[in-house]
Amino acid sequence: MASGNTLMPVTALVSGARAYRVAADPTLCVQILDLGLACCALEVGSAIAAGLLVEIEQSLGIGELATVAEGTSQGAVTTILLISGTITDALAPAVLRAWSQLSEPKAAVSFGACANTGGPYWDAPTVTKGIDQLIPVRVYVPGCPPRPEALIAGLLKVRDEIVVT
Amino acid sequence: MKTDGQVPGQAHGVIALTASACTSCMICVRECPSWCIELESHDVEVTDPGARRPRTVSFLDAFTIDFGLCMYCGICVDLCPFDALAWRPDFDYASRSAAGLVQGIGELESWQQGPGDGTAISDS
Amino acid sequence: MRGIDPVNWADEFSALQAQGYSFFDFLTAYERDGAIEVIARVLDPGRKHSQLLVTKVDTDQKSVASISRVYPGSVWHERETAEMFGINFIGLSDNRPLLRRSMIGRPPLLKSSVLAARMLKPWPGQPSHRKQQPIGVVDDWLQA
Ligand code: SF4
Ligand code: SF4
């Protein structure tokens, strides 16, 4: 019997990070890599569609990002690993690898009950009980799913945490 | 689509508690599929003026909802026989720790005064 | 819903496909009265007609014929049903688990499988003066 699943190529995933301005705070610019693992991912799409997150460009080069970074309140563009959805034990290694391949400054945001604690699948034998068992989480956004506005509130919380020294 | 950052008043943002309405019947605690409500209470004897015998009243010591675990199904809100639980539209309670999503009587009651319009969801 | 004799399970689907039921919808299983039954649905898109078929899984062998040679789309469903209910689909070429890390241990969707998470966490609904039991735990859970 064959065992173990083939891991998905994470390189393609990581290069999918996109830069956004947060409409509620135009000086806040983040690069978001959305790991949309379940229904919560729709709310991230809603946030973009509703204009709460404004995409800066399809993809930014390092130089262009630096220019954007100068105009931000932090002086840097933080890369957010947004874990929105259920982390099955089978998929957990891919999330871990995505996190390890992101460059600093970076922060992990756990979006929704599944990523926070396992949520509705808290008793399932195949689900990781919270992504914080694998990677350090900066902000936990509650909801099942959280509203798009809650995503913005969570990002603002990440901003407040980043201390420029 | 709404773009003003305002959420509808009847949105399922958070569950608020009216502690004075809660009789500690434990229905919500037992029916919650996520096992994310915890409640502690003790009985006190109250003697009403003119009453022959004292009556027993439950006093709510602690009531917590773990919003990290809650699946926002609304079973607790629907089943509470005393309307002690209600949906409120608040969404801004993200936390820096998973434990920070566990909310006690104080927070749960504070949402009762939130900006919701208090209307029930209808199809019209 | 039509009950099918287990020995005719795969042949029945071959016959249906020949009749125009070219679209495979789903296959899964459930446990009822101590027996496991496999259920599957196929459609005839032209006539907009569907057939829902069910068969009993052999209790001792825990096996049933795979329909994946007739409907290749059923491979994923049979893999999932195999790992969740511990059913052996005879003739299924791919038996890698999907969500479980290996096939070792009890199939999680059997009613007799205990949910470890529910065993470890104290039920907040446990009253001091009355015995009540939540679902998903063994009978002597509270005493344990
Ligand atoms: S909404 Fe559902 S999961 Fe959340 S506390 Fe109420 S019953 Fe439990
Ligand atoms: S169902 Fe209502 S009254 Fe009963 S314990 Fe829960 S909140 Fe209190």
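This is a predicted model: local features need pLDDT of at least 70, side-chain atom pairs count only at pLDDT 80 or more; totals for chains, interfaces and linings use all residues.

Visitor: What makes up the secondary structure of chain A?

Guide: Six helices and six strands. Helices (H or I, at least four residues) and strands (E, at least two) are DSSP runs, numbered from the N terminus. Along the sequence, the pattern of chain A reads α-β-β-α-β-α-β-α-β-α-β-α.

Visitor: Why is the pair A:Asp25 and A:Arg159 called a salt bridge?

Guide: The term asks for a side-chain nitrogen of Lys or Arg within 4 Å of a carboxyl oxygen of Asp or Glu. For A:Asp25 and A:Arg159, the closest N and O atoms are 2.6 Å apart, so the pair passes. A:Asp25 sits in strand E2 (residues 25–36) of chain A and A:Arg159 in helix H6 of chain A, so the bridge ties together parts 134 residues apart in sequence. A:Asp160 comes in too: A:Asp25, A:Arg159 and A:Asp160 are linked in a network of salt bridges.

Visitor: Which of the labels, buried or partly exposed, does A:Asp25 get, and which does A:Arg159 get?

Guide: A:Asp25 has a relative accessible area of 11%, so it is buried. A:Arg159 has 22% relative accessibility, so it counts as partly exposed.

Visitor: And what makes C:Glu37 and C:Arg32 a salt bridge?

Guide: Their closest N and O atoms are 3.5 Å apart, so that pair also meets the cut-off. C:Glu37 counts as buried at 7% relative accessibility, while C:Arg32, at 44%, counts as partly exposed. Over all chains, the rule gives twelve salt bridges.

Visitor: How do you know which residues belong to the contact between chain A and chain B?

Guide: Contact means heavy atoms within 4.5 Å. On that basis, 27 residues from chain A and 26 residues from chain B take part. The area buried between these two chains is about 2,100 Å², with carbon and sulfur atoms giving 66%; buried area here is the accessible area (1.4 Å probe) that two parts lose on being put together, summed over both. On the chain A side, A:Trp122, A:Pro142 and A:Arg147 lose the most area to chain B, together 28% of what that side buries.

Visitor: How many salt bridges and polar contacts does the rule find between chain A and chain B?

Guide: Zero salt bridges, but five residue pairs in polar contact (both at pLDDT 80 or more). A polar contact is a pair of N or O atoms within 3.5 Å; within protein, one must be able to donate a hydrogen and the other to accept it, and residues adjacent in sequence count only if both atoms are side-chain atoms. H6(A) gives the most to the side of chain A that touches chain B, with seven residues.

Visitor: What makes the pair A:Asp123 and C:Arg118 one that joins two chains?

Guide: The side chains of C:Arg118 and A:Asp123 meet in a salt bridge at 2.7 Å, N to O. C:Arg118 lies in helix H3 (residues 116–120) of chain C and A:Asp123 in the loop between H5 and E6 of chain A, so two chains are joined. Both C:Arg118 and A:Asp123 are buried. The rule finds one salt bridge across the interface of chain A and chain C. That interface takes twelve residues from chain A and 14 residues from chain C, and buries about 1,200 Å², 63% of it on carbon and sulfur atoms.

Visitor: Which residues come nearest to ligand 1, and which are closest to ligand 2?

Guide: A residue is near a molecule if one of its heavy atoms lies within 4 Å of it. Of the 13 residues around ligand 1, B:Cys32, B:Cys70, B:Cys73, B:Gly74 and B:Cys76 come nearest. Ligand 2 is surrounded by 14 residues, the closest being B:Cys22, B:Cys25, B:Met26, B:Cys28 and B:Cys80.

Notes: Residues are numbered from 1 along each chain as its sequence is written. Chains are lettered from A and ligands numbered from 1 in the order in which they are written. Side-chain values use heavy atoms; hydrogens and water are left out. Buried means under 20% relative accessible area, exposed over 50%, partly exposed in between (1.4 Å probe, protein chains only).
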